[in-house]
Amino acid sequence: MKDWILRIAKLLLLVLLAAGGLLVVKGTARQVDFGKLQADVEKAMDLSDMKQGDARMLRRFYDLNAGELAHWVLYTASDNMAVEELLLVECASPEQAEQVLEAARNRKETQVKNFEGYGPEQVQLLNGCVIRRDGSYVLFAVSDRVSDIKKAYRKDLFQTERTGS
Amino acid sequence: MVFSSIVFLFAFLPPVLAVYYLAPGKLRNLVLLLASLIFYAWGEPVYCLLMGYSILWNYVMGLDIARQQEKGKRGKGSLALGVAVDLLILGFFKYYGFLAQNLEALLSVKLPALSLSLPIGLSFYTFQSISYLADVYRGKAKSQKNLISFGLYISMFPQLVAGPIVQYADVDAQLQSREMSRSRFGEGVRYFVVGLGKKVLLANNLGVMYREITALSSLSVLSAWLGVLAYTFQIYFDFSGYSDMAIGLGKMLGFEFQPNFRYPYWATSVTDFWRRWHISLSSWFREYVYIPLGGNRVSTGRHIFNLLVVWACTGLWHGASWNFVVWGLYYGLLLILEKYVLNRLGKGKKGKLPVVGRFYTLVLVMIGWVFFFSPNLQAAGTYLGLLVGQGAVGVVDGASLYYLTTGAVLFLLAALGSTPLPGALWRRLQESDWWDVLTVTGYLVIFLLAVAYLIHDTYNPFLYFRF
């Protein structure tokens, strides 16, 4: 390969590295105060018919050890026939967040199976849920206010008003 | 995607093997490269871009080093630039948070607190990239002109996400041509099935026990030791199982990778342990850090310094946290102690008391794992305290007896499996008349049991992914 081709290739790759680095920094979730994040997400969700879950419920529904997580909050519907749910977790590491995300996906699948056939509204709500991981944070919300919840969550983590998944 | 998953076993591997074997020889590297990209993209497709970048960057820099050398220069500047960018990428994704935290604590310099994810396998393929550049620079290998072959070296799915870390010079020739035969394929299948069994049947069950014990609100001394023993076996069967699967897949595809483990818990000293544990990582550090620093052909003081640097780096490679640094330095100090004190004291007695050596090594390794599994140094200190009774609820309690009795068979199997004994027994059975039937039945049983576990159990972590 000729010298000038190598030189241009190196230069282009270095420029690409710098541009990519900037994009990654811009698109990466910030480490935020969990209390504030929790308060903002709770405000966006209607919690009137929901109850806060404890470590036992976290284990039962998600097979997660509360002690291993940095911070978490769980709300489930008070009524057995309702599927509204909120799980917000700050994990000890992004890798642990991957496991929590998987647990949230499993929970959603289980709930869909539970209501399939006789609870079309519940299934519709479950299918419209938000499950996402951003860095060490995981959000799982089943609600008719999904877009507000996402907005509040993204606003805190990305310090922006943008929406979308 | 992980090897120990139904998707990999039944939806990914069979078609990849079929297409690979049906493809003409010239296209096999391309088939394998595409399969590797699909494998990698399965979890987080976005990081495929990063790996693609790494492939392109190191490919260009390898050519650049070769070009410099053609012109009579050494290519040191190109090597330095190539390695610097590799380390910059690794450093950013793996150590940014650690650096930001420590800069803020030490110098009150505040960097934006980013919640970055570590791209799977980044630590492994970055080390392979550096190995390539260094081998080209030192003339151990020629620069790779074929981008597909080079891309395959970096991304080959059997060893992409968790090693073994393949040094370029070892695999250079195999990238051009490799021997594929039925016997090698069969050997690969055997390796793979044994690895799958180690991972799914032993490591996962030991992992459940470790998780349950450490989740207890209070621990007795015995519980604490059982917890660390469960982790000790879990991490070995988890990682060596994955390495066996990687080596087996390599063989199925015609590649020969070096063994990554050689019964490390059978080691008679800590020095011996590190000749048997994660061999590809130790070899990498020896080849590309320790020897360039001067190795042991220097003064005692400088040698000790070299060892501490290598072991601090080894610790840091495992994770961006002080407890990994302490874990690495802990081994550095033990190795210095063995080399400069114990070996001199025990001159002539070496190898005469292997049982004592094995016990001493195992206890020290178990203590080391406490730093490894703890989230921080404070938690490690608390757990180490429990091991000697500080903060423990007595020496023995109901929970410890429960885990001791219910886990006895598992511990026994794990202990036996950590020694060369099953292998020796297996070799002896090879001489019997009913060997063929026994082999097929044995491997089939392991495979079916592992699949049954994968279908039934949801707990299937892989510890070394986070490195």
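A:D3 counts as exposed because 11 C-beta neighbours lie inside 10 Å, where a residue is called buried if 20 or more other C-beta atoms lie within 10 Å of its own, exposed if 12 or fewer, and partly exposed in between, the C-beta atoms being placed from the backbone. This is a predicted model, in which local features need pLDDT of at least 70 and side-chain atom pairs count only at pLDDT 80 or more, while totals for chains, interfaces and linings use all residues. Residues are numbered from 1 along each chain as its sequence is written, and chains are lettered from A and ligands numbered from 1 in the order in which they are written.

A:D3 lies in helix α1 (residues 3-27) of chain A; helices (H or I, at least four residues) and strands (E, at least two) are DSSP runs, numbered from the N terminus. Although A:D3 and A:K43 are 40 residues apart in sequence, their C-alpha atoms are 60 Å apart in space. The domain assignment divides chain A into domain 1 (1-28) and domain 2 (31-158), with bounds that come from an automatic or database domain assignment. Taken over C-alpha atoms, the centres of domain 1 and domain 2 of chain A are separated by 39 Å.

The C-alpha atoms of A:Y137 and A:K10, which are 127 residues apart along the chain, are separated by 36 Å.

The contact between the two chains takes 23 residues from chain B and 28 residues from chain A. On the side of chain B that touches chain A, the elements that give two or more residues are α3 (46-70) and α4 (76-107) of chain B, and the largest share, 7 residues, comes from α3(B). By class, this side of chain B has 16 nonpolar, 3 polar and 4 charged residues, where Ala, Val, Leu, Ile, Met, Phe, Trp, Tyr, Cys and Pro count as nonpolar, Asp, Glu, Lys and Arg as charged, and the others, Gly among them, as polar.

Chain B is itself assigned two domains, domain 1 (32-177) and domain 2 (184-268 + 351-466), and their centres, taken over C-alpha atoms, are separated by 30 Å. The contact between them takes 13 residues from domain 1 of chain B and 14 residues from domain 2 of chain B. On the domain 1 side, α7 (157-160) and α8 (168-176) of chain B are the elements that give two or more residues, and α8(B) gives the most, with 3 residues. The residues of this domain 1 side divide into 9 nonpolar, 3 polar and 1 charged.

Where is the largest nonpolar core, and which residues have the most contacts inside it? It has 115 residues, and those with the most contacts inside it are B:L133, B:Y153, B:L206 and B:A230; a nonpolar core is a set of buried Ala, Val, Leu, Ile, Met, Phe, Trp, Tyr and Cys residues joined through C-beta atoms within 7 Å. The largest share of this core, 17 residues, comes from helix α10 (residues 221-252) of chain B, and the core draws at least three residues from each of domain 1 and domain 2 of chain B. Apart from its neighbours within four places in sequence, B:L206 is in contact with B:A230, B:F233, B:Q234, B:F237, B:L410 and B:A414. Most residues other than glycine have a negative phi. Phi of B:Y263, however, is near 45°, and this residue, placed in the loop between α10 and α11 (270-276) of chain B, is partly exposed because 16 other C-beta atoms lie within 10 Å. B:H278 likewise has a positive phi, of about 40°, and lies in the loop between α11 and α12 (279-290) of chain B, where B:H278 counts as buried because it has 22 C-beta neighbours inside 10 Å.

Terms used
Contact = placed C-beta atoms within 7 Å.
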